[in-house]
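Hi there,

Here is the structure I promised to pass on. Could you take a look at the salt bridges when you have a moment? My notes are below.

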Amino acid sequence: MRGIYACLLFVFAVSAQVSAQEIDTVPITVKDFDLKLKKSPLPVLKGIIVFKPVEINPLIVSSKVNYWKTKTAIGINVNQSSFSNNWSGGGVNSLAVEGLVNYKAEYKKENYSYLTEVDLRYGKIRNKGQIQKKTNDRIFWNNTGAFKISKNWNLFTQVTFESQFDNGYSYSSPNGVETPLLISKFMSPGYLTESFGFEYKPNKYFSTQFGTGAAKQTFVLDNKALAAADRAVNPDPANQKTDFYGVPVGDTFKNDLAFQITVNFEKDIFHNVNLKSRYYVFVPYDHVENMKHRLDVTLTTKVNRFMNVTLNGVGIYDKTISEKIQGSQSLAMGVMFVFPR
């Protein structure tokens with residue numbers, strides 16, 4: 001009897017559990033409940049919303065592409081030293097001043113480019129008891145137009161002018177007295193070079209120009225003054241010069257046709273250290289043995305915003321002027337103003 005009773009209880013428990021799982025919800029009557037709902041935090045819009053069209057005036061921007069890039073540098077270098085009369089180490093009071101102006105403008109549009117560069121330098125030094133002398137004197141103006149024909153090659157044409165501002169002298173002391181001898185003047189000599197050909201320019205800082213057709217005019221406009229100065233130190237006609245800078249005595253102009261190569265390099269090789277160099281070789285077609293070489297190297301170190309140190313060197317080999325290599329070097333510290341910065 002107890003076994004039957006246990007079986008009925010088990011069946012009833014299983015049935016109740018199955019019924020509970022099948023029921024999802026239980027309806028509850030809330031008609032008589034006092035329920036208070038919280039107010040919704042969302043705003044309630046009342047009335048009619050009127051949408052009106054808004055007129056938007058287009059903004060017209062007046063823009064102009066500038067294909068020019070310019071740079072101007074103005075520098076002044078001063079070197080001064082003085083000694084008391086009883087200075088045991090010896091020395092000479094001196095004052096040296098040098099100024100320079102460099103202007104560079106470059107135009108680039110599509111395959112066309114144009115570059116103009118002006119480099120002006122002039123400096124003098126005065127030592128106590130001596131004649132003042134030049135330390136630097138140069139007028140250089142270069143104009144280059146190019147048309148790109150491939151990735152690294154251009155067709156180019158170039159016009160270059162070069163001369164000096166002031167008279168140039170050599171100095172001798174035959175009787176213990178320093179005597180100047182006039183050897184150059186403005187446009188004596190002066191050079192005008194026209195060239196066209198091909199330019200190899202793989203990057204921004206290096207280029208090589210092959211001037212397959214080049215003409216160079218050498219001017220000695222005051223040939224008489226140079227000849228008179230030469231006769232003053234060389235009374236014997238056999239020792240007198242027959243030409244100045246390749247221009248025969250009595251003439252003021254000489255033209256040469258030649259092949260020309262110009263290599264340019266300008267890059268910041270270190271932080272605040274810029275190296276600029278230009279190598280130029282001119283090979284006359286009629287006198288190949290009289291080829292002319294010139295190398296200009298300028299190393300500029302920026303000390304601060306306005307001050308820098310400049311090391312400049314020039315090497316020239318021209319048989320029409322001298323059988324030996326000519327060289328000059330200068331080291332200066334001064335202020336430099338660059339526009340735009």
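Lys185 is partly exposed, at 21% relative accessible area. This is a predicted model, so please read the values below as computed from it. The side chain of Lys185 meets that of Asp222 in a salt bridge, with 2.6 Å from N to O. Lys185 sits in the loop between β7 (179–184) and β8 (190–200), while Asp222 sits in the loop between β9 (206–219) and α2 (223–233), so this pair ties together parts that are 37 residues apart in sequence. Asp222 is partly exposed as well, with a relative accessible area of 24%.

Lys104 forms a salt bridge with Glu266, and their closest N and O atoms are 3.3 Å apart. Because Lys104 belongs to strand β2 (residues 94–109) and Glu266 to strand β12 (residues 253–270), the contact ties together parts that are 162 residues apart in sequence. Lys104 counts as partly exposed at 26% relative accessibility, and Glu266 is partly exposed at 30%.

Then there is a buried pair. Asp296 and Arg294 meet through their side chains in a salt bridge of 2.8 Å, N to O. Asp296 has a relative accessible area of 10% and is therefore buried, the cut-off being under 20%. Arg294, at 17%, is buried too. Both residues also belong to a network of salt bridges that links them with Asp119, Arg121, Arg138 and Glu162.

In total, the count comes to 13 salt bridges.

Best wishes

Technical notes
Residues numbered from 1 in each chain as written. Predicted model: local features only at pLDDT ≥ 70, side-chain atom pairs only at ≥ 80, totals over all residues. Heavy atoms only, no water. Salt bridge = Lys/Arg side-chain N within 4 Å of Asp/Glu carboxyl O. Helix = DSSP H or I, 4+ residues; strand = E, 2+ residues; numbered from the N terminus. Buried < 20%, exposed > 50% of the residue type's maximum accessible area, 1.4 Å probe, protein only.
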